[in-house]
Amino acid sequence: RALWRSQLTPHLYTLFWSLSLYDIHVPRAQYDAHVKKLHADVRALADNRELTDAKRTRERERLTRHIEELGADLAAQQAHVDDVHERVRAARHRLCAPLGKHKKQHALLQHCLLPRMLASELDALYCYRFVMLLHALDVPRFSTLRVIADVPLVLSNVVHCVTSAEAARFGRFAAHVFRTVHEWHAEPRDYVAQCQRRLGSYTKANNDGARLSYDDFVRASLQWRRNFAMAAKHCLRSGEYTQTRNALVVLSKMAAVFPRVDKIAKPIADAVKVLVDTEERTDLKVMATSYYTMLQQAKSNLLTEAEYSANTTEAKRKAVAAAAAPQPVAVAV
């Protein structure tokens, strides 16, 4: 009964645990890549001198049949996913309860996302896709940005009590989340179209207040990165085996999308360098060395905080003002 004293409703809880990745997402890119490879195999048959005409014909028929089966599978899954999306859209007003003064805000994360994302790699991807489904369908009172802001909290609370495999799954989930943050940050028009115009851009309970503008999103996303880095740094400096190992596992899975900002990367790199230089436990030393190499390789692509905020209205205004300011004239002596 205490569970339902939160924003999480029985409808949302049942929906989350009854669906699978197949139900909510069509991996069209994987279908297309496989079909493209099969078409290449068909074309290659003409140059294969080792096959007789009869074998070549049978192989071409087999590949063609496989291509047709994949096309049928794709169409069937797309129809199924569309049907699931329509059913979720029809029920969306019942999924999230109004958040009262004493109701818990993290119930979806605690009772749905976290236990499932730790179960398997596919479940970690499912959790990300489920959050983005609720976002895309404009579920009232659901805040996508609040879920994103809570990701550092997950690292702080679970890194000391999960296996390395579970830490890797959480790392996958966090990587997907921060990749979306990166995509929205990179292009203001994408953020406005894909986030600000949706109910998920509210950060206050029950869709109160204003939706988060792009400028505020940039500031918030920078803080999310700082919070995640702070939690990771604490684990790396803890001296405790499980925390250190799991933090390295999570960070390694996120290397392509985090930290991205030089001032955020430096304290992490410093903490990892200490492990590289002083850690006596061989497995941790190897993991730290591997991740430190990733950080060094990404160093040239890091942004300063000013560059990270370059697309904001305030930064552009300052740039215009600086360009319009009179320049000092050099006087020949």
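Modeller: One term before we start: contact means heavy atoms within 4.5 Å. Also, this is a predicted model.

Colleague: Fine. What covers the buried residues of H3?

Modeller: Helix H4 (53-91) is part of that cover.

Colleague: And which are the buried residues of H3?

Modeller: Tyr31, Leu38, Val42 and Leu45. They span an arc of only 55° around the axis, so they sit on the same side of H3.

Colleague: Why would residues three or four places apart point the same way?

Modeller: Because an α-helix has 3.6 residues a turn.

Colleague: Which residues are exposed on the other side of H3?

Modeller: Ala29, Lys36, Lys37 and Arg43.

Colleague: How many residues does helix H3 have, and what is its reach from first C-alpha to last?

Modeller: Helix H3 runs over residues 28-45, which is 18 residues. It reaches 26 Å, close to the 26 Å expected at 1.5 Å a residue.

Colleague: Zooming out. How many helices and strands in the protein chain?

Modeller: There are 16 helices and zero strands. The chain has 333 residues, and 41% of them count as buried.

Colleague: What about contacts between residues at least 6 apart in sequence?

Modeller: Of those, 77% join residues at least 24 apart.

Colleague: Now the largest nonpolar core. Which residues touch the most other members?

Modeller: Phe170 and Phe228, out of 85 residues in that core. Helix H11 (residues 214-236) gives the most to this core, with 12 residues.

Colleague: What is Phe170 in contact with, leaving aside neighbours within four places?

Modeller: Phe228 is one of its contacts.

Colleague: Switching to Arg169. Where is it?

Modeller: Arg169 is in helix H9. In sequence, Arg169 and Ser120 are 49 residues apart, but their C-alpha atoms are 6.5 Å apart in space.

Colleague: What else is Arg169 in contact with, beyond its sequence neighbours?

Modeller: Besides Ser120, the list has Met117, Leu118, Ala119, Glu121 and Ala124, with neighbours within four places left aside.

Colleague: Which helix holds His185?

Modeller: Helix H9 too, residues 164-186.

Colleague: Is His185 buried or exposed?

Modeller: Buried, because its relative accessibility is 7%, and the cut-off is under 20%.

Colleague: What lies 2.5 Å from a polar atom of the His185 side chain?

Modeller: The backbone oxygen of Tyr308. His185 also touches Tyr214, Phe217, Val218 and Asn311, not counting residues up to four places away.

Colleague: Last one, Ser143. Where does it lie?

Modeller: In the loop between helix H6 (121-136) and helix H7 (144-149).

Colleague: Buried or exposed there?

Modeller: Ser143 counts as buried, because its relative accessibility is 7%.

Colleague: What does the side chain of Ser143 reach?

Modeller: The backbone nitrogen of Arg146, at 3.1 Å. Not counting residues up to four places away in sequence, Ser143 touches Gly200, Tyr202 and Thr203.

Colleague: Great, thanks.

How values were computed. Residues numbered from 1 in each chain as written. Predicted model: local features only at pLDDT ≥ 70, side-chain atom pairs only at ≥ 80, totals over all residues. Heavy atoms only, no water. Helix = DSSP H or I, 4+ residues; strand = E, 2+ residues; numbered from the N terminus. Buried < 20%, exposed > 50% of the residue type's maximum accessible area, 1.4 Å probe, protein only. Polar contact = N/O pair within 3.5 Å; in protein donor to acceptor, adjacent residues only side chain to side chain. Expected span 1.5 Å × (residues − 1). Arc of directions from axis to C-beta. Core = buried A, V, L, I, M, F, W, Y, C linked by side-chain atoms within 4.5 Å.
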